[in-house]
Amino acid sequence: MAVTFRAPDMALAYEFLEGAGPVVVFCPGFASDMGGTKAMALWEMCRTRGQAMLRFDYGGHGQSAGAFEDGCIGDWAADAAHVVEVATAGRELLLVGSSMGGWIALLLARAQAGVRAMVLVAPAPDFTELLMKPQLGEAQWAELRRAGVIYQPSEYGAPTPLTLKLLEDGARNLVLEAPIGFSGPVRVLHGMRDADVPWRHSLLLAERLASEDVRLVFVKDGDHRLSRTADLALLCETVGAFLGEGGG
């Protein structure tokens, strides 16, 4: 594991696998990390084929420093941009974003000139505005304004902190309100039994993307994670299609 510092007190953990380009960059989801099932499936694929790959943890996630509740979309996008700059040194990139990582990938593509293509899994751009805020009741808003944080139950583990900072910052980083000026190819994989990010969210994203080379694959019995064996095979096949035979 390597570490880089975006700020003096913000140590960001990452792993870089040297190999042929483009560099596959995995952007994890909300409260997830670089050791997740999808990240590791891609890591093994890239290792086998001699492909370069970068995986990392945002601040407050996984092995990186910081508290999760102190972070927000803008911070995590800055973390991602910093690690990409340090680790890939201007190489061509293939961004893979899972859930919130899809939002981060879209922000990266806007800021990075070398993004060749994107593969997005259950992408959740603008989820703070479109998915979180509408579900909050008056009592939750009152508690957010009073304490700055509430705790939401999660089927994946301990309750997840939801902060006022995250919601306010999310509103400053929206990408679906206007055309998204990325012209490279984009592939979207989304489970139709996704209880966290409705599959129709990906239709809105497809409409907003400037690229004409956008393909969506809906997995009818797939959940949000898309981490079953067949789902992982689909992900690796989709990423591998951009890499050609034998890497590079």
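Modeller: Let us begin with a salt bridge, which is a side-chain nitrogen of Lys or Arg within 4 Å of a carboxyl oxygen of Asp or Glu. Here the side chains of Glu-92 and Arg-116 form such a pair, with 3.8 Å from N to O. The two residues belong to distant parts of the chain, 24 residues apart, with Glu-92 in the loop between H2 and strand E5 (93–98) and Arg-116 in strand E6 (residues 115–121). Helices (H or I, at least four residues) and strands (E, at least two) are DSSP runs, numbered from the N terminus. This is a predicted model, in which local features need pLDDT of at least 70 and side-chain atom pairs count only at pLDDT 80 or more, while totals for chains, interfaces and linings use all residues. Residues are numbered from 1 along each chain as its sequence is written, and side-chain values use heavy atoms, with hydrogens and water left out.

Colleague: How many salt bridges does the rule give, and which residues are joined into one network by shared partners?

Modeller: The count comes to 12 salt bridges. One of them pairs the side chains of Asp-221 and Arg-228 at 3.2 Å, N to O; Asp-221 is partly exposed with a relative accessible area of 41%, and Arg-228 is partly exposed at 36%. As for the network, salt bridges with shared partners join Arg-187, Asp-213 and Arg-215. Arg-187 counts as buried at 12% relative accessibility, whereas Asp-213 is partly exposed at 29%.

Colleague: Turning to helix packing, at what angle do H2 and H3 cross, and which classes of residue make up their contact?

Modeller: Axes are lines fitted to C-alpha atoms, for helices over the stretch in contact, and angles run from 0 to 180 degrees between N-to-C directions. The axes of helix H2 (residues 73–88) and helix H3 (residues 100–111) come within 10 Å and cross at roughly 60 degrees. The contact (heavy atoms within 4.5 Å) involves residues including Trp-76, Ala-80 and Val-84 of H2 and Trp-103, Ile-104 and Leu-107 of H3. By class, 11 nonpolar residues take part, with no polar and no charged ones. Ala, Val, Leu, Ile, Met, Phe, Trp, Tyr, Cys and Pro count as nonpolar, Asp, Glu, Lys and Arg as charged, and the others, Gly among them, as polar.

Colleague: How do the axes of H2 and helix H6 cross?

Modeller: The axes of H2 and helix H6 (residues 164–171) come within 7 Å and cross at roughly 70 degrees. H2 is therefore roughly perpendicular to H6, a label for angles of 65 to 115 degrees, where those under 35 count as roughly parallel, those over 145 as roughly antiparallel and the rest as oblique. Ile-73, Gly-74, Asp-75 and Trp-76 of H2 meet Lys-165, Leu-166, Asp-169 and Gly-170 of H6, a contact with three nonpolar, two polar and three charged residues.

Technical notes:
Buried < 20%, exposed > 50% of the residue type's maximum accessible area, 1.4 Å probe, protein only.
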